[in-house]
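Here is a short briefing on the structure shown below. Keep the view open as you read.

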Amino acid sequence: MFGVKDVQKEHERLVKLGVKFTMEPTKMGEVTIAVFDDTCGNLIQIAQQNS
């Protein structure tokens, strides 16, 4: 898991670079997360602490 300031902006940036997400940015309580595949079978989360 990697912490980012803005999950939505990071998601948009990565999609433009060809990254395939398995879960779009989703608010889950106090965090928003998105999940992508690193092409080696690993799922990577990016997470943002909600204010």
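**Briefing: helix, sheet and selected residues**

Asp 6 caps the N-terminal end of helix H1, with a side-chain oxygen 3.0 Å from the backbone nitrogen of Gln 8. This is a predicted model. Over residues 1-49 the chain is 20% helix and 49% strand. For residues 1-49, UniProt carries the feature "domain: VOC", from an unreviewed entry.

**Helix H1**

- The buried residues of H1 are Val 7, His 11 and Leu 14. Seen down the helix axis, the buried residues fall within an arc of 70°, so they line one face of H1.
- That buried set packs against strands S2, S3 and S4. S3 covers residues 31-37.
- Lys 9 and Lys 16 are exposed on the other side of H1.
- Gly 18 follows H1 and has a positive phi, near 95°.

**The salt bridge**

- How many salt bridges does a search of the whole structure find? The search finds 1.
- The side chains of Glu 10 and Arg 13 meet in a salt bridge, at 2.6 Å from N to O.
- Both residues lie in H1, which spans residues 7-16. Glu 10 and Arg 13 are 3 residues apart, about one turn of the helix.
- An α-helix has 3.6 residues a turn, so residues three or four places apart point the same way.
- Glu 10 is partly exposed, with a relative accessible area of 22%. Arg 13 is also partly exposed, at 43%.

**The sheet**

- The 4 strands form an open sheet in the order S1-S4-S3-S2, with mixed pairing. Strands S1 (2-3) and S2 stand at the edges with a single partner strand each, so one side of each has no neighbour in the sheet.
- Strands of a sheet pair through backbone hydrogen bonds, either parallel or antiparallel.
- S1 and S4 pair in the parallel sense, over 2 bridges.
- Phe 2 stands opposite Ile 46 in S4.

**Gln 48 in strand S4**

- Gln 48 sits in S4, which runs over residues 43-49.
- Is Gln 48 buried or exposed? Its relative accessible area is 19%, and the cut-off for buried is under 20%, so Gln 48 counts as buried.
- The Gln 48 side chain reaches the backbone nitrogen of Val 7 at 2.8 Å. Val 7 is itself one of the buried residues of H1.

**Pro 25 in strand S2**

- Pro 25 is found in S2, residues 21-28. S2 is one of the edge strands of the sheet.
- Pro 25 counts as partly exposed, at 24% relative accessibility.
- Which residues does Pro 25 contact, leaving aside neighbours within four places in sequence? They are Val 7, Gln 8, His 11, Thr 32, Ile 33 and Ala 34.
- Among these contacts of Pro 25 are Val 7 and His 11, both buried residues of H1.
- Arg 13 lies 12 residues from Pro 25 along the chain. The C-alpha atoms of Pro 25 and Arg 13 are separated by 13 Å.

Terms used:
Residues numbered from 1 in each chain as written. Predicted model: local features only at pLDDT ≥ 70, side-chain atom pairs only at ≥ 80, totals over all residues. Heavy atoms only, no water. Buried < 20%, exposed > 50% of the residue type's maximum accessible area, 1.4 Å probe, protein only. Contact = heavy atoms within 4.5 Å. Salt bridge = Lys/Arg side-chain N within 4 Å of Asp/Glu carboxyl O. Polar contact = N/O pair within 3.5 Å; in protein donor to acceptor, adjacent residues only side chain to side chain. Pairing = 2+ DSSP bridges. Arc of directions from axis to C-beta. UniProt positions renumbered as here; feature names shortened; annotations may be inferred.
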